[in-house]
Amino acid sequence: MEAVPARARVSIACTAIAALLCLLPLPGVRAPWWAVALLAALYAGCERVARSRFVGISHPAGTFYPVLLAGAFLLPPPAAALVAVPGALLSHAGQRPVALRRVWRAAQLVLGVWAAAEVHSLLGGRDAVAAGDVPYALGPAGAAVLAFCLVLALLDGGILAVGVGAPPTPFRQWGRVPVRRAWRGLVARSLAPIAVHGLAGLMMAVLWRSPYGPVAALLVLLPMCVSWWAFAQYHRERAAHQATIRALVQAVDIKDGYTRGHSERVGQASMMIARELGMADERVEVLRFAGILHDVGKLGVPTRLLRKDGPLTPEERRVIELHPEYGHEMVRGIGFLGEARAAVLHHHERLDGSGYPYGLVGRQIPESARVVAVADAFDAMTSTRSYSRARPVAVALAELERCAGSQFDPVMVAALVESVGRTGWHPAVTADDEKPQAPRVPPPGAPLSSRPGAHR
């Protein structure tokens, strides 16, 4: 609990109080309590199975929203909101603080379902469901789904803005998200899947009120289970991709101990640039992969050259400068990397055409490579290694700005400067400094790409 920022605890407490206010009218509500209990048990059971080890993933977006939305279409708002409480409080939290996560999840769902049920009831949706008039019921149901989505997005963005997590899971990662980015894309990402869940919930509600009863309504969950299973396989595949990337990076770190951790930090800096430029989350992730894997070609470079303490000869430098091509060959067949493969090949190109391996000029260099080039040089300058001392962040940023337009894309440099100025940068020591090593000093006037740390 102490690891949670105070402003986040206050926000969660306020959300929980609002949820309790939604449930206060329950004693005076006339509702079929057997249906409330059945839906609550069904939702809790489905969530438990969905988050079990047997299934293999824990998806935070509400795997069985159809059950909750069916309750919103069938029950008065307070009773519908109650359906979410047992499942949220008993579900697998994943990480600590467990109790706080569960309270947040329960309060969030209570408010979302209550809002959906209230909108649905005000628009006459419950009468349409009772009459089995599906065409007329679509309008109120659509408005209810939109209200549900907006409430969840509002709360998710709010908890991000006060300092907790990154979407789609509150608490997954501590750290405040800038307000202007906290709500960006939340509705757009969640509206389509929640709309599908809403349609399934409407079918459940209509069948529930039909002569066939609740048993027929439960059959609607079968196709949802199949689609969720496919979704789980997709996440397993992504986990396998992540494991592949980790293995490659670990191999590079073992071989080139002087720059251990460099790849992860370049991935972080690339992600910062991409987010500052307003790129979509999917592309931000690809550029993170690009930064992480940019030096994977070092696996093809002799270890004695990577660990050499003194200056490199021209012949040795030419061998090291082959690592982008080696890396591209290694990752060329990995389809999910997308444009990250181009970044691996071209991250040492320069805007003035004096880079390598192909001497591309300006916009001929892929955008992903221009992002990684800036991130790579920045971390190389701000990291302490056994052959060079770290420069202050301000000095490194000034050097990037000086070389913008000749070596680096000015847009990427400006994005990094803006992001670092807002969130800061905390470089790590990447080598054992207890053993003094002879530094590699570039000749006067040498380009930044040949300065200490740029190639190792």
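This is a predicted model: local features need pLDDT of at least 70, side-chain atom pairs count only at pLDDT 80 or more; totals for chains, interfaces and linings use all residues.
Helix 19 spans residues 393–403, and its buried residues are Ala396, Leu397, Glu399, Leu400 and Cys403. These residues lie on the same side of helix 19, because the arc they cover around the axis is only 155 degrees. Ala394 and Arg402 are exposed on the other side of the helix. The cover over the buried residues includes helix 18 (367–382) and helix 20 (410–423). Just after helix 19, glycine 405 adopts a positive phi of about 100 degrees.

The structure holds twelve salt bridges. One of them pairs arginine 283 with glutamate 339 at 2.6 Å, N to O. This pair links distant parts of the chain, 56 residues apart: arginine 283 belongs to helix 13, and glutamate 339 to the loop between helix 16 (323–331) and helix 17 (340–346). Arginine 283 is partly exposed at 27% relative accessibility, and glutamate 339 is partly exposed with a relative accessible area of 27%.

A further salt bridge connects aspartate 409 and arginine 370, whose closest N and O atoms are 2.6 Å apart. Aspartate 409 lies in the loop between helix 19 and helix 20, and arginine 370 in helix 18, so that the pair links parts of the chain 39 residues apart. Aspartate 409 is buried, with a relative accessible area of 5%, and arginine 370 is buried at 8%.

Histidine 294 is located in the loop between helix 13 (281–293) and helix 14 (303–306). With a relative accessibility of 0%, histidine 294 counts as buried. Its side chain makes a polar contact of 3.2 Å with that of histidine 262. Beyond neighbours within four places in sequence, the residues in contact with histidine 294 include Ser263, Val266, His323, His347 and Asp376.

Cysteine 149 is buried at 0% relative accessibility, and cysteine 403 is buried at 6%. The count of disulfides is zero. Alanine 35, in helix 2 (residues 33–50), is buried with a relative accessible area of 4%. The C-alpha atoms of alanine 35 and glycine 71 are 8.6 Å apart, with 36 residues of separation in sequence.

Terms used. Residues are numbered from 1 along each chain as its sequence is written. Side-chain values use heavy atoms; hydrogens and water are left out. Buried means under 20% relative accessible area, exposed over 50%, partly exposed in between (1.4 Å probe, protein chains only). Helices (H or I, at least four residues) and strands (E, at least two) are DSSP runs, numbered from the N terminus. The arc is that of the directions from the helix axis to the C-beta atoms. Contact means heavy atoms within 4.5 Å. A disulfide is a pair of cysteine sulfur atoms within 2.5 Å. A polar contact is a pair of N or O atoms within 3.5 Å; within protein, one must be able to donate a hydrogen and the other to accept it, and residues adjacent in sequence count only if both atoms are side-chain atoms. A salt bridge is a side-chain nitrogen of Lys or Arg within 4 Å of a carboxyl oxygen of Asp or Glu.
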